[in-house]
Amino acid sequence: MALERLQEAEVVLQPWLSGRTTPRELTLFKADLQRRNGQPEAAQCSLQNLLRLHPNDPQVLQLLVLLNQEQGRHQQATSELTTRFKNMEPGQRLEVGLLLADQLRQGGSGQAAMNLYGQLARENMNDARPLLALALLRQERGDKEAVHTLLEQARERRDANGLVDPLIEVVAGQLGLSAARSTASTQRYGVSGGF
């Protein structure tokens with residue numbers, strides 16, 4: 001792979017794929033090699049087989065979306081993701097929803113993407129990713145005040161271990177914003193320094 005000898009990599013991979021049970025990761029790797037080797041139909045077949053076993057696997061769906069985009073099937077990819085998203089329960093569809101919202105954004109439906117990110121943020125109160133994605137879209141529209149607000153809301157979210165997602169400060173840095181707490185946070189916790 002590193003040497004860009006993709007067809008040889010596919011041949012080397014074949015013995016591992018010929019067993020009775022093939023790990024999902026190897027089949028996914030094979031599909032990606034097929035895509036890169038100019039075999040979109042074979043890649044599509046491999047991915048569809050994976051989806052039968054792992055219907056909502058984000059990595060499989062992401063590669064399928066990429067393949068569809070490369071084949072000029074943007075609408076098909078969006079439609080398939082929308083159907084999958086609607087058939088899943090709130091709280092269980094974050095990964096698929098993030099992928100769908102990104103697909104909508106890339107397809108020029110920025111407002112629909114913003115609405116979906118907002119919905120995902122409400123459904124997943126401990127995950128900062130929908131708020132970060134929404135902040136990026138607001139930044140593209142020049143709405144700095146909304147960006148600051150969304151980043152502050154994201155900072156208030158904690159993962160299962162009670163930690164703040166470090167991606168928040170990365171996004172803030174990329175947006176050219178101060179990673180420091182807002183004035184409202186300073187006022188809320190006090191600035192006397194006498195802890």
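The model is a predicted one, in which local features need pLDDT of at least 70 and side-chain atom pairs count only at pLDDT 80 or more, while totals for chains, interfaces and linings use all residues. Residues are numbered from 1 along each chain as its sequence is written, and side-chain values use heavy atoms, with hydrogens and water left out.

I then noted that helix α2 (residues 24-36) and helix α3 (residues 40-53) pack at about 160° with their axes 7 Å apart, where helices are DSSP runs of H or I with at least four residues, numbered from the N terminus, and axes are lines fitted to C-alpha atoms over the stretch in contact, with angles from 0 to 180 degrees between N-to-C directions. The two helices, α2 and α3, are therefore roughly antiparallel (an angle over 145 degrees). For the contact (heavy atoms within 4.5 Å), I listed R24, T27, L28, K30, A31, Q34 and R35 of α2 and P40, A42, A43, S46, L47 and L50 of α3.

Next I turned to α6 and helix α7 (residues 110-123), whose axes come within 7 Å and cross at roughly 165°. That angle makes α6 roughly antiparallel to α7. The contact residues include L98 and D102 of α6 and Y117 of α7. The passing of α6 by α7 is also a left-handed crossing.

I searched next for open space, and the largest pocket has a volume of about 410 Å³. On a 1 Å grid over the protein atoms alone, a pocket is an open set of points with protein on both sides within 12 Å along at least five of seven lines, a cavity is a set where a 1.4 Å probe fits but cannot get out, and lining residues have an atom within 4 Å of a point. Of the 17 lining residues of this pocket, L98, L99, D102, Y117 and A133 are the closest to its centre. The largest share of the lining, six residues, comes from α8.

Which residues line the largest cavity? I found L61, L64, V65, N68, A77, E80, L81 and R84 there, and the elements giving two or more of the lining residues are α4 and α5 (74-86). About 30 Å³ of space lies in this largest cavity.

Terms used. Grid points are joined across faces, edges and corners, and a volume is the space filled by probe spheres set on the points. Angles under 35 degrees count as roughly parallel, over 145 as roughly antiparallel, 65 to 115 as roughly perpendicular and the rest as oblique. A crossing is left-handed if the near helix is turned anticlockwise from the far one by less than a right angle, and right-handed if clockwise.
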